Amino acid sequence: MAAEFKEAPAGASAGTRLMTWVDNRFPASKMYKEHMSEYYAPKNFNWWYIFGSLALLVLVIQVVTGIFLVMHYKPDATLNASGIPIAFASVEYIMRDVPSGWLIRNMHSTGASCFFLVVYLHMFRGMIYGSYRKPRELVWIFGCAIFLCLMAEAFMGYLLPWGQMSYWGAQVIVNLFSAVPYIGPDLALLIRGDYVVGDATLNRFFSFHVIAVPLVLIGLVVAHIIALHEVGSNNPDGVEIKGPKTPKDANGHSVDGIPFHPYYTVHDLYGTCLFLMVFCAIVFFAPEMGGYFLEANNFIPADPLKTPLHIAPVWYFTPFYSMLRATTDVMVNVLSGIIGIAAVVGVLKGRFSGAAKVGLLVIAAVAVFLLKTYDAKFWGVVVMGGAVVILFFLPWLDHSPVKSIRYRPDWHLYLYVVFVLYFLVLGYLGIQPPTEAGTIVSQIGTLFYFGFFLLMPWWSQLGKFKTPPDRITFHAH
């Protein structure tokens, strides 16, 4: 059945006639209304809610600047007449000879760090306000998939300048896959495309960084936004504004909501201006940020015969890199002991049936056997990957009767603060050369990180909870 075409009103302007013509062939106005002017969001958003829009802004910056960089970059690891890798020389050419190339490259490198910064803050906001709870589980899962995809995109892009840290960082990370039992060497060979990190690796990473991963990333962002607008946005009170019990006005809209446009577009525009001021200050005055955004070793051409004294990833990977380094033989023995003690305590103190106690002992024995069978390097890879994967299960780990941190016991907030501090400490230690004291602190931080999530079904129910309001609390500002 053919769609019914609308006619523009008599005497309508050229713009109205054009939009009518477009709407008859593409739902432009419908999409604008559903996702902007008639998408009602809670009216008590605070500044924690600007980071989603900022992440979208940085994604646009990365895509646009990336397109211009690709016009001049050559993914070739062979040496030119001067004995410098062509890929490295092409980056130098962009920085020195391409008109405004230095600006585009600095925007892209700064954008990578800013992307992770706003995504980390966006995820933390979701954690403290319970934005992963029902009915937004799929929104959270899409968001974690975006984070995982972003990590892959950043790692592959980090290799492209073909500097010393690019080359040796890729060497370390790719070799980690060889620790996977049975398939490790073949897996590492598949990723490298050769027996060593070289031209084949550079070309593979370039194709994934420029084409494959961005397509997946953009698709996940679209799915994230669609899923969010389907169930509605969360808010600092954790009170739903969509549903049959929500008070509505004469037009059927929630009385606790306001149209996203123009109210929150203006609100986010103000935050965007502040962000761009900081972003431009970094781009123009401190693009290296003391070596945290662009490391000194990456201004040296890649040399397979000269290993840097200390190899460390960029700052946004360092918390997970610390967890990798913390997983030593001693750590594996400690984990085996913890599992054994927990199993014994569960059998002696737990209110389980006889069969359940036997099952608990069997599971513990299998876990200890596996820990002792494979070396610590493999378990380090598992821990590093598990630190990201466990985020996907957060909606089912949190058993708190309320969503928002506002109505939880005060010590819950302190626990989140300690979690963030430990995460920052892990990030700092991942940048520093390994020491015995640093390894111990990293091991404690790793245990706390996983304990925070794995014990959440227990501790999230403890304490005296406040009663959330029936409607959102709003103070004009």
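The model is predicted, so local features need pLDDT of at least 70 and side-chain atom pairs pLDDT 80 or more, whereas totals for chains, interfaces and linings use all residues. Residues are numbered from 1 along each chain as its sequence is written, and side-chain values use heavy atoms, without hydrogens and water.

Helices here are DSSP runs (H or I, at least four residues), numbered from the N terminus. The contact (heavy atoms within 4.5 Å) includes F51, G52, Q62 and L69 of helix 3, and R105, H108 and F115 of helix 5. Its residues divide into 15 nonpolar, seven polar and one charged. Ala, Val, Leu, Ile, Met, Phe, Trp, Tyr, Cys and Pro count as nonpolar, Asp, Glu, Lys and Arg as charged, and the others, Gly among them, as polar.

A pocket is an open set of points with protein on both sides within 12 Å along at least five of seven lines; in a cavity, a 1.4 Å probe fits but cannot get out. Lining residues have an atom within 4 Å of a point. A volume is the space filled by probe spheres set on the points, which are joined across faces, edges and corners.

The largest pocket has a volume of about 1100 Å³. Its lining counts 43 residues, with G52, S53, H224, I225 and L228 nearest the centre. By class, 25 are nonpolar, 15 polar and three charged.

The second largest pocket has a volume of about 860 Å³. It is lined by 38 residues; Q62, L69, H108, G157 and H209 lie nearest its centre. Helix 9 gives the most to this lining, with eight residues.

Two cavities of 30 Å³ or more were counted. F88, V91, E92, R105, P161, N298 and F299 line it. Helix 4 gives the most, with three residues. The second largest cavity has a volume of about 30 Å³. F68, L69, H72, I94, V98, G101 and I104 form its lining. Helix 3 and helix 5 are the elements that each give two or more of these residues.

How values were computed
On a 1 Å grid over the protein atoms alone, a cavity is a set of points where a 1.4 Å probe fits but cannot get out, and a pocket is an open set with protein on both sides within 12 Å along at least five of seven lines; lining residues have an atom within 4 Å of a point.
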